[in-house]
Amino acid sequence: MHHNAFTIERLARELDKRIDGETLQDCFSSSKEDIFFVFDTLCLQIQFYKGEAFVFIKDLVSLPKRNLLRQFENLIGLDVSNVTSHDCDRSFHLEFSSNIELHFEFYGRHSRVVTSMDNEFVQFPIKTETKPIALQKQFVFNGEVAGLKFLTNEQKEILSSISNNNPSEKAWPIFRERLRNSDYEIDTSSDKPSIQYRSNSNRASFDFLDFYSTFSKKYISQIRSSEIKEQSIRELQRNLKKHKSRLNKTETFLKIGQKGLSYKEKADILMANLHRKA
């Protein structure tokens, strides 16, 4: 599970606890793929790796100092009044004291951070085409689990188990509450790391922001390692093909050389015996 609606909701709730009432001290990018939101006590970094957004929580003392470009300058100096998640959606938004909203959309390769300013949409990463902010829809659970595409298989199993023992109008709130109170763990057994639920955890405290930041690091690191491995294998295969071609050419030259040597020996014998009479 990665960038699921419920992990994004958990991310929004945890951010609300940390930055509600704080001031956006600065906002800048250090590349086309990174943007930093500096608040009073923490820095929220969004890294766009191949278009997909990943969240990092940075220390204020370890921020980049060079090649910085200001972003969302109209928001700098404003206070955060609320962090609001969107029901069953991979997005949330920050509400500022001036009634301006900054939306974080985690829609795969279409992820972005976007706000509306002077009836125009300003977004990061900067793209030639800017789409309006997605409208939020209200979800109503009717008891059918199989058709809920935004749920992972693990979540569907949990919801099905709850639905078997409760009516649909009660099953969904129970399901949501269980996800809200769950801890998580990182599963690295597959090519792409995923976030799995840890039920009945005995851990006294669980820092979800730190966990999510760690997951982002591991995800990008493992994907990059896999890409480097695949690239190395392709390079080795190309070199092997090239060396096989050279080997075939060398063997061909050797065969021609061996034939040439036998012809020369025969010619020498004939020349040595030309003086003899038949």
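**From the first helix to an aromatic cluster**

Helix α1 is followed by Gly 21, whose phi is positive, near 90°. Helices here are DSSP runs of H or I with at least four residues, strands are runs of E with at least two, and both are numbered from the N terminus. This is a predicted model, in which local features need pLDDT of at least 70, side-chain atom pairs count only at pLDDT 80 or more, and totals for chains, interfaces and linings use all residues. Residues are numbered from 1 along each chain as its sequence is written, and side-chain values use heavy atoms, without hydrogens and water.

Stay with α1, residues 5-19. The expected span of a helix is 1.5 Å times one less than its number of residues. For the 15 residues of α1 that gives 21 Å, and the end C-alpha atoms are 21 Å apart, which agrees. At the N-terminal end, Asn 4 caps α1. A side-chain oxygen of Asn 4 lies 3.0 Å from the backbone nitrogen of Phe 6. α1 is mostly covered, with eleven of its 15 residues buried. Buried means under 20% relative accessible area, exposed over 50%, and partly exposed in between (1.4 Å probe, protein chains only). Among the buried residues of α1 are Phe 6, Ile 8, Leu 11, Leu 15 and Ile 19.

Next comes the sheet. Five strands form an open sheet in the order β4-β3-β2-β1-β5, with antiparallel pairing. β4 (52-58) and β5 (69-70) stand at the edges with a single partner strand each, so one side of each has no neighbour in the sheet. Two strands pair if DSSP finds at least two bridges between them. β1 (residues 26-29) and β2 (residues 34-38) pair over four bridges. Ser 29 has Ile 35 in β2 as its bridge partner.

Helix α2 (residues 153-163) buries Gln 155, Ile 158, Leu 159 and Ile 162. These cover an arc of only 95° around the axis, which puts them on the same side of α2. The arc is taken from the directions from the helix axis to the C-beta atoms. The face turned away from that buried side carries the exposed Asn 153 and Glu 157.

Last, the aromatic rings. Rings of Phe, Tyr and Trp (its six-membered ring) pair if their centres lie within 6.5 Å; planes under 30 degrees apart count as stacked, over 60 as edge-to-face and the rest as tilted. The count comes to 14 aromatic pairs. Phe 54 and Tyr 219 form a tilted one, 5.1 Å centre to centre with 35° between the planes. Phe 54 lies in β4 and Tyr 219 in helix α4 (residues 208-272), so the pair ties together parts 165 residues apart in sequence. Phe 54 counts as buried at 0% relative accessibility. Tyr 219 is buried too, at 8%. Ring pairs link Phe 54, Phe 208, Phe 211, Tyr 212, Phe 215 and Tyr 219 into a cluster.

Key:
Polar contact = N/O pair within 3.5 Å; in protein donor to acceptor, adjacent residues only side chain to side chain.
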